[in-house]
Amino acid sequence: MTKAFEVQDLRNLREEIVQLRDQKADLLSNLRKLEKERNQKREERDNLNKLASENFAKVRGLKDQRDKNNRSIQELKAVRRSVLEEMKELIEKAKSLQEEIVSMDITEQDIKKSYSLRKRIDSLDWKIQTTSRMGIAEERQLTEQVNMLMEQLGDISVSTEKLKARKEINREINHLRGFLDHSWKDFQELVENSQRSHQELTELYDTGKKAKDEADTCHKLFLERADEIRTLRDEFRGLNKSLREKSSIFREQNRAQKERVQLEREKASAEILEEQKAIIQEKLSSKKKKVLSIEEMRIMMSQDPDFLSSDDVLEEE
């Protein structure tokens, strides 16, 4: 390998080191950028997962509330169905009684008459039971009067009982109708609450689902950036190792090159010195001695400190 080639090789190595350092700087810049992006995606993922978790928790609470309302709605519907069936039966009974009452052709005057008949029957019964010296004929006469009055009261009494029964049925029907009216308001309120809960939980679920999907996307990007970072770090370690090795080689070669240059310089100086000494010796050894210059004397003194005391030394005229 020639010296020129060695110098060129050293220059090439220096260029490689510069390129490696540039690549290292680019890698570090890319690593910082990727790490920042990775950390952002991790933070976004965590925030979105938190939002999704909070929404899903609210959804569970609203779902429980909606299901509870729906159970109450079903229970109330069942009760209202039962009440409606009972009310229909009572209405049918009331209609049937009304038809019977109408068929008996009982008037309000007959009903008023029934009150006086009862009063008369009660009076005769009391007289029969409390008169101790009543004759048999009188007692038979009073008893016949009571039986006659009882016959007159019979149809009227039956009709009166039917009127009372119809009135009681109508009262019960009104009571059930009031319950249906009141329970309808409760039913409507429960339905509205259930619908509101369902709408709210649907919106919360959609928001939570969207946040979860975005979180999954962020997590995917986070993993991708993490893989890229690992790849770059592996590349960085390899590049850094190559840079250290080449830098070490460069320092060693550069030191060796400097030593070679120094040796060559010293060799060249020694050769020049020998040439100068030969010239000086020639001057000193010639038959006609020549005067040495100051520089030539300095050279000889550097080689021999006692040179000036020698008889061969000629002073400059």
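So, Trp 184 and Phe 187: both of them sit in helix H3, three residues apart, which is about one turn of the helix. When I say helix, I mean a DSSP run of H or I with at least four residues; a strand is a run of E with at least two, and both are numbered from the N terminus. These two side chains make an aromatic pair of the stacked kind, with 5.5 Å centre to centre and 20 degrees between the planes. The rule for a pair is that the rings of Phe, Tyr or Trp (its six-membered ring) have centres within 6.5 Å; planes under 30 degrees apart are stacked, over 60 edge-to-face, and the rest tilted.

Is Phe 187 buried or exposed? At 12% relative accessibility, Phe 187 counts as buried. Trp 184 comes out as partly exposed, at 41%. The cut-offs there: buried is under 20% relative accessible area, exposed is over 50%, and partly exposed is in between, with a 1.4 Å probe and protein chains only.

Before I go on, a word on where this comes from. It's a predicted model, so local features need pLDDT of at least 70 and side-chain atom pairs count only at pLDDT 80 or more, while totals for chains, interfaces and linings use all residues. Residues are numbered from 1 along each chain as its sequence is written, and side-chain values use heavy atoms, with hydrogens and water left out.

Okay, the overall picture. Of its 317 residues, 26% are buried. The accessible surface is about 23100 Å², and 50% of that belongs to carbon and sulfur atoms; those areas are Shrake-Rupley values with a 1.4 Å probe, and for residues only the protein chains shown count as cover. Now contacts, meaning heavy atoms within 4.5 Å. Among those between residues at least 6 apart in sequence, 81% join residues at least 24 apart.

Back to the rings. How many aromatic pairs does a search of the whole structure find? Two. Besides the one I opened with, there's Phe 56 with Tyr 205: their ring centres are 5.7 Å apart and the planes are at 45 degrees, so that pair is tilted. This one links distant parts of the chain, since Phe 56 is in helix H1 (residues 3-103) and Tyr 205 is in helix H3 (residues 136-285), 149 residues apart. Phe 56 is partly exposed at 22% relative accessibility, and Tyr 205 is partly exposed too, at 40%.

There's also a charge over a ring: Arg 45 lies over the face of Phe 222, 4.9 Å from the ring centre. For that to count, NZ of Lys or CZ of Arg has to be within 6 Å of the ring centre and within 35 degrees of the ring normal.

Next, the nonpolar cores. A core here is a set of buried Ala, Val, Leu, Ile, Met, Phe, Trp, Tyr and Cys residues joined through side-chain atoms within 4.5 Å. The largest has 13 residues, and Ile 17, Leu 27, Leu 232 and Phe 250 touch the most other members. Which elements give two or more residues to this core? H1 and H3 do, and the largest share, seven residues, comes from H1. Phe 250, for example, touches Leu 10, Leu 13, Arg 14 and Ile 17, leaving out residues up to four places away.

Apart from that core there's another one, of nine residues, including Met 87, Leu 90, Ala 94 and Ile 169. Ile 169 lies in helix H3 and is buried at 13%. Its contacts, beyond neighbours within four places, are Leu 90, Lys 93, Ala 94 and Leu 97. Ile 169 and Lys 93 are 76 residues apart in sequence but 7.8 Å apart C-alpha to C-alpha.

Last, two buried serines. Ser 194 is in helix H3, with a relative accessible area of 8%.

A polar atom of the Ser 247 side chain lies 2.7 Å from the backbone oxygen of Leu 243. And beyond four places in sequence, Ser 247 touches Ile 17 and Arg 21.

Terms used. Polar contact = N/O pair within 3.5 Å; in protein donor to acceptor, adjacent residues only side chain to side chain.
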